[in-house]
Number of protein chains: 2
Amino acid sequence: MINRIWADEASLPANDRGAAYGDGLFETIRMAGRKGVLLSRHIERMVSDAHRLGISVSRHELDAAVAQAIERWSSDAGDQGWVLKLTLTRGAGGRGYRPSAGMAPNLLISSAGLPPEPPAGGVDADFSRVPLTVNPLLSGIKSLNRLEQVMAARELHEPLFELIMSNPEGHLVEGTRTNLLIKSRDGWLTPPVRDLAVAGIMRQWTLERLRELGNVVQERSVEVGDVLSEACEGLFLLNSVLGVVPVCNLAGHDLPVDPGLATICHPLELLE
Amino acid sequence: MINRIWADEASLPANDRGAAYGDGLFETIRMAGRKGVLLSRHIERMVSDAHRLGISVSRHELDAAVAQAIERWSSDAGDQGWVLKLTLTRGAGGRGYRPSAGMAPNLLISSAGLPPEPPAGGVDADFSRVPLTVNPLLSGIKSLNRLEQVMAARELHEPLFELIMSNPEGHLVEGTRTNLLIKSRDGWLTPPVRDLAVAGIMRQWTLERLRELGNVVQERSVEVGDVLSEACEGLFLLNSVLGVVPVCNLAGHDLPVDPGLATICHPLELLE
């Protein structure tokens, strides 16, 4: 059984493994009233990634916690949207890095306001100087080990909306808080899950939707040339709270902005 | 200014960046009464690594917190040793990964009992199946991003004392909680700092001590052959709480055990 902890009245125990080692996961869900954007996919990802880490949590337990969170916070938000954050840790204690048998996971539940909407005409981005390394055992997992993203995000200054991180091989992998999608003459392109630090919910949904509509989507390593050549017809940043955000300028280079994708993938049409 | 939080009466705030992103550092110091093993080096490492992460803390602030911790806990421990743990986070809040300007770091201070002493005749170790990836920007930093070590330590079962992790290039890098030192026919050998997830205090002290005594110590990548060939005269695990621990069996292969190193590097001779 998991312990529910409401962030507006308590916090994780002092010996929780979340703060000690980043031993856990989180989900950030865009809410509108009592509904959430791709809510069931967020819950499913947390259950599935918890399983990869050996943290025992059920779909039912998370559903029950989310239902309580909605009771608690949805009416405060009024017509405004809000953000529900779930932080699941392996629990408190253990002997150093080694967890004890049968630990009870802790679920910290919090709410926050929506971030500002990015401008519809596109945002500015640049390349990050912070390399992104991905452990193959942990690829794609939205774990609490996010120091690389923090170090990159420290260099986000106006007017930059995002910084794009590369792996040691020099491939573009993802933004600090977004996945990448490129529209090119030959179809759509995105880095493969095995290279990703975080395999986003919005990324997965968008790839499925594009394919349903008959588009070719390649999942392969992305080079700088893929976004800065004339073959690039658009670069999009995907995030389940912000939706699909076109980039109009990357590292001083103007990019074409095609608003079409935002209309087929708007988060508020994905409420459930 | 840092906020001191005593783990026996409070915990980090719910929105602390330690649990949210592993955005911080820790030190684990072996204490005997009011003295600590290589205490000043631990404090210096935390100040220096905090600086690398852009977390503002001074030597003076940490010294004052440690002095208070000693007042609080040293007499409880009686003649037994104890362990002092300092967890420094960037603070609470910020906008997603991006920290706010001028955040006040939080320092969580806790005490624990000593772990059991490893047997003097050596311990059993094996190779970990969990790869170790090191971001070059964060190499050596004892940050709160330790999920790889947790995943490896989950596979530590009796009679194993340690699992040795390799990087994607196949070089042996470190144990889950120890650095590696090899005695060979040609002198001493240890992986270089740039390859390390954690550059241990005991590792640095031991290398300096060996060199003072006229030994040759090479810092270079370590292959499996370096420890499983006849040239290997001993494999040692270094940890500032446990000291120097010889390995008598690695993955089923008996290794020679030379107790000499433990006598020149015993932690209790390094109290200050």
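Let's start with chain B, where five strands make an open sheet with mixed pairing, in the order E1-E5-E4-E2-E3. Strand E1 (3-6) and strand E3 (35-36) of chain B sit at the edges with a single partner strand each, so one side of each has no neighbour in the sheet. Two strands count as paired if DSSP finds at least two bridges between them. The names come from DSSP too: helices (H or I, at least four residues) and strands (E, at least two) are DSSP runs, numbered from the N terminus.

Before going on, a word on the model: it is predicted, so local features need pLDDT of at least 70 and side-chain atom pairs count only at pLDDT 80 or more, while totals for chains, interfaces and linings use all residues. Residues are numbered from 1 along each chain as its sequence is written, chains are lettered from A and ligands numbered from 1 in the order in which they are written, and side-chain values use heavy atoms, with hydrogens and water left out.

### Inside the sheets

Which way do E4 and E5 of chain B pair, parallel or antiparallel? Strand E4 (residues 81-89) of chain B pairs with strand E5 (residues 106-113) of chain B in the antiparallel sense, over eight bridges. In that pairing, Leu86(B) stands opposite Ile109(B) in E5(B).

Chain A has an open sheet of five strands as well, with the order E1-E5-E4-E2-E3 and mixed pairing. Its edges are strand E1 (3-6) and E3 of chain A, each with a single partner strand, so one side of each is left without a neighbour in the sheet. E1(A) pairs with strand E5 (residues 106-113) of chain A in the parallel sense, over four bridges. There, Asn3(A) faces Asn106(A) in E5(A), standing opposite it.

### Helices lying on the sheets

The table gives their angles, taken between N-to-C directions on a scale from 0 to 180 degrees; axes are lines fitted to C-alpha atoms, for helices over the stretch in contact. Contact means heavy atoms within 4.5 Å.

| Helix | Strands it lies across | Angle |
|---|---|---|
| H2(B) | E2 (24-32), E3 and E4 of chain B | about 180 degrees to E2(B) |
| H3 (residues 59-73) of chain B | E1, E2, E4 and E5 of chain B | about 20 degrees to E1(B) |
| H3 (residues 59-73) of chain A | E1, E2 (24-32), E4 (81-89) and E5 of chain A | about 20 degrees to E1(A) |

### Helix against helix

Two packed helices are described by the angle between their axes and the distance between the axes. In chain B, helix H2 (residues 39-53) packs on helix H5 (residues 201-212) at an angle of about 120 degrees, with axes 10 Å apart. That makes H2(B) oblique to H5(B). For reference, under 35 degrees counts as roughly parallel, over 145 as roughly antiparallel, 65 to 115 as roughly perpendicular and the rest as oblique.

H2(B) passes H5(B) in a right-handed crossing. A crossing is right-handed if the near helix is turned clockwise from the far one by less than a right angle, and left-handed if anticlockwise. Which residues make the contact? From H2(B) come Arg41(B), His42(B) and Arg45(B), and from H5(B) come Ile201(B), Gln204(B), Trp205(B) and Glu208(B). Sorted by class, that contact of H2(B) with H5(B) has two nonpolar, two polar and three charged residues. Here Ala, Val, Leu, Ile, Met, Phe, Trp, Tyr, Cys and Pro count as nonpolar, Asp, Glu, Lys and Arg as charged, and the others, Gly among them, as polar.

Now for chain A: the axes of H2(A) and helix H5 (residues 201-212) of chain A come within 10 Å and cross at roughly 120 degrees. H2(A) and H5(A) are therefore oblique to each other, and their crossing is right-handed. Arg41(A), His42(A) and Arg45(A) in H2(A) meet Ile201(A), Gln204(A), Trp205(A) and Glu208(A) in H5(A).

Most residues other than glycine have a negative phi, and most peptide bonds are trans. Leu38(A), though, has a positive phi near 50 degrees. Leu38(A) is in the loop between strand E3 (35-36) and helix H2 (39-53) of chain A. Is Leu38(A) buried or exposed? Leu38(A) counts as buried, because its relative accessibility is 4%. Buried means under 20% relative accessible area, exposed over 50%, and partly exposed in between (1.4 Å probe, protein chains only).

Ala251(A) also has a positive phi, near 50 degrees, and lies in the loop between strand E13 (243-250) and strand E14 (253-254) of chain A. At 30% relative accessibility, Ala251(A) counts as partly exposed.

As for cis bonds, the peptide bond from Glu158(A) to Pro159(A) is cis, with omega near 0 degrees. Pro159(A) is in the loop between helix H4 (147-153) and strand E7 (160-166) of chain A. In chain B, the bond from Glu158(B) to Pro159(B) is cis, with omega near 0 degrees.
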